[in-house]
There are 4 protein chains.
Amino acid sequence: MLGVALLGSGRMAHVYGPKINAHPGLRLVTVFNPNLASAENAAALYGGTASADLDVVLGDPSVDAVVIASPTNTHVEYVEAFAKSGKPIYCEKPLDQTLERVDRALACLRAHPVPFMLGFNRRFDPDNAALQRAVRAGEIGSVNMLMSWSREPAPPPIDYVRASGGYFLDATIHDIDLLCWIAGERPVEVFATGSCVFDPEIGAEGDVDLTMTVLKMPSGALVHVNNSRACAYGFDQRLEAFGTKGMLQTENHRDDNLVRWDGQKTVARETLKHFFLERYDASFYHALDEFQAAIQEGRPPSVTEEDGRTALAIALACDRSRREGVAVEPEY
Amino acid sequence: MLGVALLGSGRMAHVYGPKINAHPGLRLVTVFNPNLASAENAAALYGGTASADLDVVLGDPSVDAVVIASPTNTHVEYVEAFAKSGKPIYCEKPLDQTLERVDRALACLRAHPVPFMLGFNRRFDPDNAALQRAVRAGEIGSVNMLMSWSREPAPPPIDYVRASGGYFLDATIHDIDLLCWIAGERPVEVFATGSCVFDPEIGAEGDVDLTMTVLKMPSGALVHVNNSRACAYGFDQRLEAFGTKGMLQTENHRDDNLVRWDGQKTVARETLKHFFLERYDASFYHALDEFQAAIQEGRPPSVTEEDGRTALAIALACDRSRREGVAVEPEY
Amino acid sequence: MLGVALLGSGRMAHVYGPKINAHPGLRLVTVFNPNLASAENAAALYGGTASADLDVVLGDPSVDAVVIASPTNTHVEYVEAFAKSGKPIYCEKPLDQTLERVDRALACLRAHPVPFMLGFNRRFDPDNAALQRAVRAGEIGSVNMLMSWSREPAPPPIDYVRASGGYFLDATIHDIDLLCWIAGERPVEVFATGSCVFDPEIGAEGDVDLTMTVLKMPSGALVHVNNSRACAYGFDQRLEAFGTKGMLQTENHRDDNLVRWDGQKTVARETLKHFFLERYDASFYHALDEFQAAIQEGRPPSVTEEDGRTALAIALACDRSRREGVAVEPEY
Amino acid sequence: MLGVALLGSGRMAHVYGPKINAHPGLRLVTVFNPNLASAENAAALYGGTASADLDVVLGDPSVDAVVIASPTNTHVEYVEAFAKSGKPIYCEKPLDQTLERVDRALACLRAHPVPFMLGFNRRFDPDNAALQRAVRAGEIGSVNMLMSWSREPAPPPIDYVRASGGYFLDATIHDIDLLCWIAGERPVEVFATGSCVFDPEIGAEGDVDLTMTVLKMPSGALVHVNNSRACAYGFDQRLEAFGTKGMLQTENHRDDNLVRWDGQKTVARETLKHFFLERYDASFYHALDEFQAAIQEGRPPSVTEEDGRTALAIALACDRSRREGVAVEPEY
């Protein structure tokens, strides 16, 4: 049973809190937030003590591992602190929005090698994972095309957009990580384009709310991602893998599985899961499970800090491609 | 090129007229109806002469074959006349509503053996035919269950119901013929039950508008048919065959194949084909094609007068079972 | 937090043990089995003490409720004992295989009214429950037909069959309970037929391994159930509800949701959930949750002992109808 | 009844011949090929005379219209000849592989305005047409994304590739025309990339056999096309239209519609239609029907020579983008 410190008590902390609780190998020891009242609120819900003093958490012998679910701009600092204290780290993605600070974290992790896992939770969605296993097992032969759809139900508040690092760093980075993981390679060239069609405020920030991205892989495989900040029919999340021997697709998840025939349009299905908290709920649990199992088994977790750097480098190249209208080679 | 006489100029004649025209091996020579004006109307649409004198048609050397699409109570008389004149006969189902008159026709056909085909058109629907071929080819091993759904969009006029011979003879007989043909055997026992839930006038006639039928086959296979005189979502026509090695299903046909995702219920499909004229349009052509090919190739057509007698005997047993509340052995 | 005694430590006890453990409002206090070693084995896995002395369990003040998962022929005796001791009872279905003994249990429960719930777990499957809610909410208007498919992957051992009370009491009873619950009424007449096509030993016992059942409801609605003791493609579990305004279907569950296109048959899907433990796993948890919630809220659980008697009376009528070849009116 | 001259007697002529024959408003008068034997062969199959002398065809008063199905490099010459002779022209796509020669044809058609239709047959596929109608009717609100899949079963012979003008001009041009027609606008920028993964001979010609293309529309809508010269599961042809109110998809067509459940992977479907002749068979008939109807009704056909020029300009921009690795603005 690993004692866990949870850093942060905002939205993502409320995702991880119940999963830490439900996991038979994890126990929530303490919730940290510089704002003590917020930490106390989360601790009251999920158990453990509350703390506003990081040094206390770092020095607490009952803390065996840390789950970082605080704002992005604090991730590198917390990773450094816990790496130096020798504690295993699970860090919500991204490590940071800049390669410079990510590289600082990577250097620290090389100097202080602790088990580290980045929270690319969508790899742990059962359908995505089944598709990746089937591809890696050669079920469709050599992979020639990969495609990902990620369309969100409604644009986020403009303050969220401002702090997000732009649409590619905020959202496309998930698709990029998934597709590189499935492909088993990373692109030599990216091209991305975008529009602002839903919320003019997003455009006024120089950002876009509708994108298409093309990645070219060393093997010749071609990759397509499309992202939209709005989607009338819910959270549309699909993958397609096309290979020399066949094709694989994942389907959207629905609130129920009834098939409905009525007097107008026949064979209607239930609405889609609303957004990522509903659609990927199980994946957060499975991600923590991988973290716990890796520590238990003395092996590195399957999503590394290098995976985070790679996805960031590609997302930054997409962003530059979109702004400059040229194909861009990512800086790995 | 076979010259064809079309008997009748009502609804079914307007189904067959255009198909005779479109078939490269058939030519419409004449349309017969005791009501000459009606015959002339059909002939104007589909070609050929019009006639109200059956003897003229029987004696016309350019008539190589006859398609009987007149009212049911005239079928036996016309079959006898054309059998005696030695002309191949295609007869819309049923031969008659009584076993006595059907047996009279069978006796005449034994005495005057001409190519004869009964118009169980649903066997010639491409999906039904593909299912039958797959079953007979052993794709699902031994057949253990067969199921048929036949739900009509709306109840027919009460005059139609009165002349129909009851729901089992009018409609279930189609499912019975299909399922016995697929099974390759005929039932040793039938049980049927029904209700009147849509149109009280149907109940007042002693008939039902909702039925379930169970057939037990000599092999032990069990068969289910359900029929409904109303269906909010169109003409629901499905088959299911369950065997020792697997299962086969046919799907309903739609007006288009678009998949529609909107803001409410996602993945809606187009409405179903409205009724039998739309759903089984192609099957009437394929049935005539079998008739023409059999004559051309000098072999008996694949749907025989005996098939018609068998289906009628089973439908009559269903009707008796429903009225008496007991399982009934059909009289073959 | 309710302290729970688990009676029995066989197959069904191993289904309930982990669910009691996982439920935040239930705590496993003791496992009872006259065979102490077997009770100890289950207690070692799921917690609590082991006991072979029923009086100790009945007198244990930390036991707030009992979950009866012992062999069917012990159910009535245990129900009586715990009713008299005033403890809430969850009893795996069926209460018993005879109406006489069921009536004995019902009389005792009337004399000693404790919260009682019968374990018709399939009502608590999320898809079945969604269909029932949609029907009861009038989404398809008046119900005219209900259909249930229940095909098991492979025949059970012959010893299981011998003790099962016959196929209708063992399996069809589940479909009967579901469909009466969805319909909101119980049949006035049943007809059932069956064959033995898979395992001749089952036939030698006078039982069948393939059945079709028809129920006629007071409203005129017609109900179809088909059951098979073998199914090449897994555990086939489907419902269909046909009403005046539309139709609802539930779909089978699969081991994953990938859509697979290969070089032969395109659009293949994953295999079905293997059998009831896999397919209905969640439903056992949801059933216990209803039991706990009803006790907590001081209301009767939603599946009553009367529901159990009704389903048994119908299953017995099916069995008689199959043996005698006549339609039978159930004895409620 | 329009008398039709069919130019060419190769593969595409054998597509159009039977459709001209089957159309009630068209009659095949003559088949032209400089190789008389080839023309005679086609005329023997589909009717009409054979001719190797174009002037005879041009001067034949029974020729009311021409269907050009000869090799691409003859299209402009034949268009000019028939425009000058005042005869309505149906020309198989493309008009030509160069903008220069297309502009020569357009100038001639402006000087000699005859009814002209370009054979973008895929617009006349019933599913594609239903999607376009739904989009133009506003069913999904404003269009934000359009996607097209076109994956061919196997690479063509290398001689075909050499004469094809490259993959974008040969194949992507179909998707481009469809998507611009659905969108109701044409791109301001295109980006295309490609690989050679199936046939190294194609790569040796400087061509590719796997492509992804992105078009950016003036409205901000983004368009994706993927093309593959090989596809293990048949001819994969799909469209997706994503708008502010919903989404529309077309599905692949299969050789039959049975749903097959077997002991391994459940719910298999039949193989896809093999290639464009099978998949789009009906569309060629519907295209000729539009040509005939437009002439009959005295209105211009719905696919114009300008549509052909637009699609060619975009395909050429794709080709340049792929070669140079930059986004390109098409030259309209």
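1. Within chain A, five residues of domain 1 are in contact with seven residues of domain 2; contact means that the C-beta atoms, placed from the backbone, lie within 7 Å. The side of domain 1 of chain A that touches domain 2 has four nonpolar residues, one polar and no charged. Here Ala, Val, Leu, Ile, Met, Phe, Trp, Tyr, Cys and Pro count as nonpolar, Asp, Glu, Lys and Arg as charged, and the others, Gly among them, as polar. Domain 1 spans 2-114 and domain 2 spans 126-283 + 310-324, bounds that come from an automatic or database domain assignment. Their C-alpha centres lie 28 Å apart.

2. This is a predicted model, in which local features need pLDDT of at least 70 and side-chain atom pairs count only at pLDDT 80 or more, while totals for chains, interfaces and linings use all residues. Residues are numbered from 1 along each chain as its sequence is written, and chains are lettered from A and ligands numbered from 1 in the order in which they are written.

3. Chain D superposes on chain A by a rotation of 180° with 0.0 Å of shift along the axis, at RMSD 0.1 Å (least squares on the C-alpha atoms of residues with pLDDT of at least 70 in both). The two copies are thus related as by a two-fold rotation axis. In chain D, the C-alpha of D:V326 is nearest the axis, 2.7 Å from it.

4. Between chains C and D, 15 residues of chain C are in contact with 15 residues of chain D. The chain C side divides into six nonpolar, four polar and five charged residues.

Conventions
Contact = placed C-beta atoms within 7 Å.
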